[in-house]
Amino acid sequence: MPYRVIMMDGSFDSDDGVCRTPRCCRGKVPISVVLGLVFFLFCHDALAQSDGGAHPRPSWPWFFSQLIPSPQLVVQRDQAAFGARWQLTPILFSQGIHRSQNPWRTFVVEPIVRHSGSLEWFVSPEYLALGDDMPRHFGVRTGLRSYWPLIERGDYLSLSFGTSALRFQQITSVAYETGVHVLFGLVGFMTSCSPTPRAQRCIMTLQVRVF
Amino acid sequence: MHHDFAGASVLMMRRLVWVVWLALLSTGCIATQFLSRNLAAFGQLRTVAHKIENPVRPEARLAVLWVGHATVLIQIDDKILLTDPVWTRTVGQISPRLVEPGIEVRHLPPLDAVLISHMHFDHLSLGSLEMIEDKVRWLGMPEGGLVYLTDFSFPAHEVPWWQTRVLPGDLKVTAVAVRHNGWRYGLDHAWREGIGYAAWVIEYHGITVYFGGDSALAEDAYRETARRFPTIDLALLPIAPIHPRGFMKRVHTDPWEALTAFEKLGATWMVPIHFDTFINSLDEPGEPTRVLEQAVKQNRIAENRVHRLAIGEQKVLISR
């Protein structure tokens with residue numbers, strides 16, 4: 001049965017394996033690059049501040065901790081491969097934070113603010129060792145994820161549920177995910193499954209996240 | 001090929017974890033030693049016999065009950081206060097409690113004020129606050145503390161250093177300066193310099209109690225506190241962790257320094273806290289109290305001025 005996968009840039013992919021990206025869109029700056037640029041400018045601006053305020057802000061240790069990858073195991077049809085994921089949180093709203101505090105966070109999120117109950121928009125650059133062409137191993141995922149505290153307001157144990165779109169090897173697939181997080185979110189076990197026909201896969205992630 | 005690659009990756013990761021772990025152990029990494037000690041202590045909870053079931057003493061004007069670590073139940077006439085409540089089996093998920101709490105939560109009376117000294121897991125225990133939530137009438141936190149509290153049903157306020165909050169019945173609590181740090185997770189150190197930690201002074205009906213929380217030696221802060229509160233009756237002072245001293249000295253007083261704090265504050269009595277409840281150092285069991293006894297003798301401090309309580313023990317310091 002023929003099908004089409006609509007891509008984020010408006011193009012689509014079909015079951016004949018040909019990517020039909022419109023000519024006008026080829027060479028367009030990828031969304032990940034734009035986000036990276038916004039992120040860098042935000043960090044650069046914040047790192048340059050020296051007001052010593054109590055508001056969470058990027059610091060160099062925080063910046064380097066964000067480079068720590070979370071290892072993944074991806075299973076797709078009869079293949080299994082190694083992968084890795086990084087995490088960015090452009091926006092988060094916390095419903096667990098004390099009522100006197102600002103519930104919004106951008107990029108830098110204290111663990112208790114996230115795991116005491118929150119909804120975040122996340123962006124994850126991903127590496128999946130599927131196929132032989134190294135440059136095609138990288139993709140970007142973006143989606144929404146909610147966190148629910150179970151023990152110690154989420155510091156000890158929390159659950160997460162989310163949905164995302166992964167742009168990988170010129171196919172955009174939808175995925176649904178669930179996760180369990182311990183040690184103030186430092187360690188998490190997540191699974192995400194994609195039902196998208198040409199990208200049916202499940203990914204198990206050992207999430208390592210410092211803020 | 002992918003199956004082989006995944007299998008090899010998992011094997012490589014396992015080996016890497018073991019190599020890193022052994023390397024850290026062999027180099028004497030402090031954090032690894034703490035972790036090893038804590039992991040070895042799981043399942044070794046000591047019980048407390050004959051726990052007090054009715055801690056409110058009608059004959060007392062000032063009484064203290066040591067629940068363990070920095071958790072102290074203070075009675076000043078008809079007011080009951082609690083400091084840094086921790087009733088959970090672990091703090092920070094990986095540090096197990098060595099001794100049961102000195103009183104059961106169900107035997108706690110309504111608490112006029114709960115005071116939090118700082119944000120570390122052994123002082124701000126969200127699970128413990130859930131346990132006592134319906135008993136708490138007011139909770140005080142250092143400046144910058146509420147962001148880590150999450151939402152509870154009781155009222156909670158931040159009190160900056162040297163500011164006083166007057167509670168119903170003219171119970172006064174003042175946050176005062178100490179020398180410690182106010183982060184909870186480590187990386188938050190970057191934006192929490194100078195906030196998120198405090199000691200507290202409680203005043204009620206002419207009785208003054210100093211709760212030191214957790215601090216390095218801070219002579220200027222003690223002097224300023226003594227100037228503002230010249231008649232401190234009781235000082236609850238941390239005496240551990242001691243070792244490794246080079247590392248701990250920056251944020252923790254040892255028994256000798258605690259006695260210096262006691263002297264600078266000009267308090268009448270001292271009750272040592274913050275020892276023998278959780279493993280957060282390389283101290284030997286019982287070492288802080290042994291060193292304290294030695295320091296008391298060498299400093300020629302009258303023995304009836306320093307009251308070392310057992311966990312669960314209550315002491316009436318001023319009677320009616």
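Domain bounds in this description come from an automatic or database domain assignment. On that basis chain B is divided into domain 1, residues 2-37, and domain 2, residues 50-319. The structure is a predicted model, in which local features need pLDDT of at least 70, side-chain atom pairs count only at pLDDT 80 or more, and totals for chains, interfaces and linings use all residues. Residues are numbered from 1 along each chain as its sequence is written, and chains are lettered from A and ligands numbered from 1 in the order in which they are written.

The pLDDT is the predictor's confidence in each residue, from 0 to 100. For chain A its mean is 83, and 75% of the residues of chain A reach 70 or more. Over residues 1-27 of chain A the pLDDT is below 50, and this stretch has 40 contacts in the model beyond near neighbours in sequence; two residues are in contact if their C-beta atoms, placed from the backbone, lie within 7 Å. Residues 47-52 of chain A also have pLDDT below 50, with 4 contacts beyond near neighbours in sequence. Where pLDDT is low, the predicted coordinates should not be read in detail.

Within chain B, the centres of domain 1 and domain 2, taken over C-alpha atoms, are separated by 38 Å. Contact between these domains involves 5 residues of domain 1 of chain B and 6 residues of domain 2 of chain B. The domain 1 side has 3 nonpolar, 1 polar and 1 charged residues. In this classification Ala, Val, Leu, Ile, Met, Phe, Trp, Tyr, Cys and Pro count as nonpolar, Asp, Glu, Lys and Arg as charged, and the others, Gly among them, as polar.

The contact between the chains takes 37 residues from chain A and 25 from chain B. On the chain B side, the elements that give two or more residues are α1 (2-26) and α3 (126-132); helices (H or I, at least four residues) and strands (E, at least two) are DSSP runs, numbered from the N terminus. The largest share of this side, 6 residues, comes from α1(B). By class, the chain B side divides into 14 nonpolar, 7 polar and 4 charged residues.

Helices α4 (residues 219-228) and α6 (residues 255-265) of chain B pack at an angle of about 30°, their axes 8 Å apart. Axes are lines fitted to C-alpha atoms, for helices over the stretch in contact, and angles run from 0 to 180 degrees between N-to-C directions. The helices α4(B) and α6(B) are therefore roughly parallel to each other (angles under 35 degrees count as roughly parallel, over 145 as roughly antiparallel, 65 to 115 as roughly perpendicular and the rest as oblique). The contact is made by Glu219(B), Tyr222(B), Arg223(B), Thr225(B) and Ala226(B) of α4(B) with Ala261(B), Lys264(B) and Leu265(B) of α6(B).
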